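Trainee: I'd like to go through this one with you, piece by piece. Can we start with the strands and then move on?

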Amino acid sequence: MSAATMRALVLESHGGLENLKLVKDRAIPTATAGFVVIRVKASSFNYHDIFTVRGMPGINVPLPIIIGLDMAGEIFAIGEGVEGWRKGDRVLVNPLNKQKGLLGEMMDGGMAEYCRVAADQLIRMPAGVSFEEAAALPAAYGTAHRMIVTHDTVKAGDRVLVLGASGGVGTCCVLLAKLAGAEVIACAGGESKMQRLRELGADHVIDYKKVNFSKWAVEKYGKPQRRSYEGGVDVVVNFTGGDTWVPSLRCLKRGGRVLVCGATAGFDPKEDLRYIWTFELRIVGSNSFYDEDLIGLLRLVAEKKLKPVIDKVLPLEQAADGLRLIEQREVLGKVVVTP
Ligand SMILES: NC(=O)c1ccc[n+]([C@@H]2O[C@H](COP(=O)([O-])OP(=O)(O)OC[C@H]3O[C@@H](n4cnc5c(N)ncnc54)[C@H](OP(=O)(O)O)[C@@H]3O)[C@@H](O)[C@H]2O)c1
């Protein structure tokens, strides 16, 4: 490898994960005006990367592209006009570029040794936070923080049922709801995931491949009170959509909230409006991760109040295998890559 080239995980055309190629001769980006180049120390995958590889309607990804939204590293080079930053500063990158859109989708992303990002995407990393922990945060934990903390949807004593609790967003929702003093019901598929969720502090775990989570919650939290609209859970975290939507509405009590940030299993589920008006439900949408969410999370990690759940740390050579594990639902928490 010459001095001016780097290794990177590149998507050449949409399709399956086999379309990702590890290249060794990608040019190291230069720091143009208003931008810096980061030496990437850690990056992490999200389900969003799978959508990017497959291709999403209405999103024209400029191919070939280096994938990966989330990254943390050190500043390697600084472009003209950038102030307040020095080479070697430890930074977390907000994946959203204000002009072009998401890194790893509209601009080259973090699954590489170096990445160019706009100076206003930089967030200073506090001492005591590792690059792996920081890189685990932006898209998944940032959005979970927005759903629960920024939108102030969970209070002490609430019963919070989390679907997909084993994933990136899901594990963070479990941790943040526990931190808020809630009683957490974590739903995931398979015994080993349930064991890990118990260890993370979930009060109840449900294997929703075997147990109907909605019926379970109604039975446990007051079937007799359903007539007065008081039996049920306070909050359902649902980024799955599909056939989990109506059952989520069905197990909420009056004034309950459904927190939504995605729809892994389908964005146009069957609806049942009767539950929404009868139980005076609120549907709370959350989209992405603003600097305030990422700064709040970094503070929680630095104060040792929150430890991001990292399943695997892989070298760039094995990065595509990590994304395959996410696609096959064999991950508990995040997959981090250290280029
Ligand atoms: N709007 C935003 O800004 C934003 C930000 C972040 C994420 N999201 C969305 O939130 C969702 C979760 O993202 P993530 O990165 O946390 O994903 P992830 O790490 O892959 O976790 C998703 C979890 O959902 C469960 N699941 C249920 N049905 C599934 C299905 N049909 N296919 C795959 N998994 C299924 C899986 O757990 P089990 O196998 O245990 O069921 C999996 O662990 C995605 O739809 C993503 O696009 C949106």
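Mentor: Fine, and keep in mind that this is a predicted model. Strand β1, residues 5–11, pairs with β2 in the antiparallel sense over 6 bridges.

Trainee: Which residue stands opposite leucine 22 in β2?

Mentor: That is leucine 9.

Trainee: What order do the strands of the open sheet have?

Mentor: The order is β2-β1-β4, so read it as an open sheet of 3 strands with antiparallel pairing.

Trainee: And which are the edge strands?

Mentor: β2 (20–27) and β4 (65–66), each of which pairs on one side only.

Trainee: Switching to domains. How is the chain divided?

Mentor: Domain 1 covers 5–136 + 308–338, and domain 2 covers 141–285. Their C-alpha centres lie 30 Å apart.

Trainee: How many residues of each domain are in contact with the other?

Mentor: 9 residues of domain 1 are in contact with 10 residues of domain 2. On the domain 1 side, the touching residues divide into 5 nonpolar, 2 polar and 2 charged.

Trainee: Now the ligand. Which residues come nearest?

Mentor: Tyr47, Gly164, Gly167, Gly168 and Gly262, out of 26 residues around the ligand.

Trainee: Which elements give two or more residues to that shell?

Mentor: Three helices do: α1 (47–54), α3 (137–150) and α4 (168–179).

Trainee: Which domains does the shell draw on?

Mentor: The shell around the ligand takes at least three residues from domain 1 and at least three from domain 2.

Trainee: How do the shell residues divide by class?

Mentor: There are 14 polar, 10 nonpolar and 2 charged residues in the shell around the ligand.

Trainee: Back to α1. At what angle do α1 and α10 pack?

Mentor: About 100°, with the axes of α1 and α10 9 Å apart. Helix α10 is residues 319–327.

Trainee: Why call the two helices roughly perpendicular?

Mentor: Because angles of 65 to 115 degrees count as roughly perpendicular, and α1 and α10 are therefore put in that class.

Trainee: Which residues meet there?

Mentor: From α1, Tyr47, Asp49 and Ile50; from α10, Leu323, Ile326 and Glu327. By class, this contact has 4 nonpolar, no polar and 2 charged residues.

Conventions:
Residues are numbered from 1 along each chain as its sequence is written. This is a predicted model: local features need pLDDT of at least 70, side-chain atom pairs count only at pLDDT 80 or more; totals for chains, interfaces and linings use all residues. Two strands pair if DSSP finds at least two bridges between them. Helices (H or I, at least four residues) and strands (E, at least two) are DSSP runs, numbered from the N terminus. A residue is near a molecule or strand if its C-beta atom, placed from the backbone, lies within 6 Å of it. Ala, Val, Leu, Ile, Met, Phe, Trp, Tyr, Cys and Pro count as nonpolar, Asp, Glu, Lys and Arg as charged, and the others, Gly among them, as polar. Domain bounds come from an automatic or database domain assignment. Axes are lines fitted to C-alpha atoms, for helices over the stretch in contact, and angles run from 0 to 180 degrees between N-to-C directions. Angles under 35 degrees count as roughly parallel, over 145 as roughly antiparallel, 65 to 115 as roughly perpendicular and the rest as oblique. Two residues are in contact if their C-beta atoms, placed from the backbone, lie within 7 Å.
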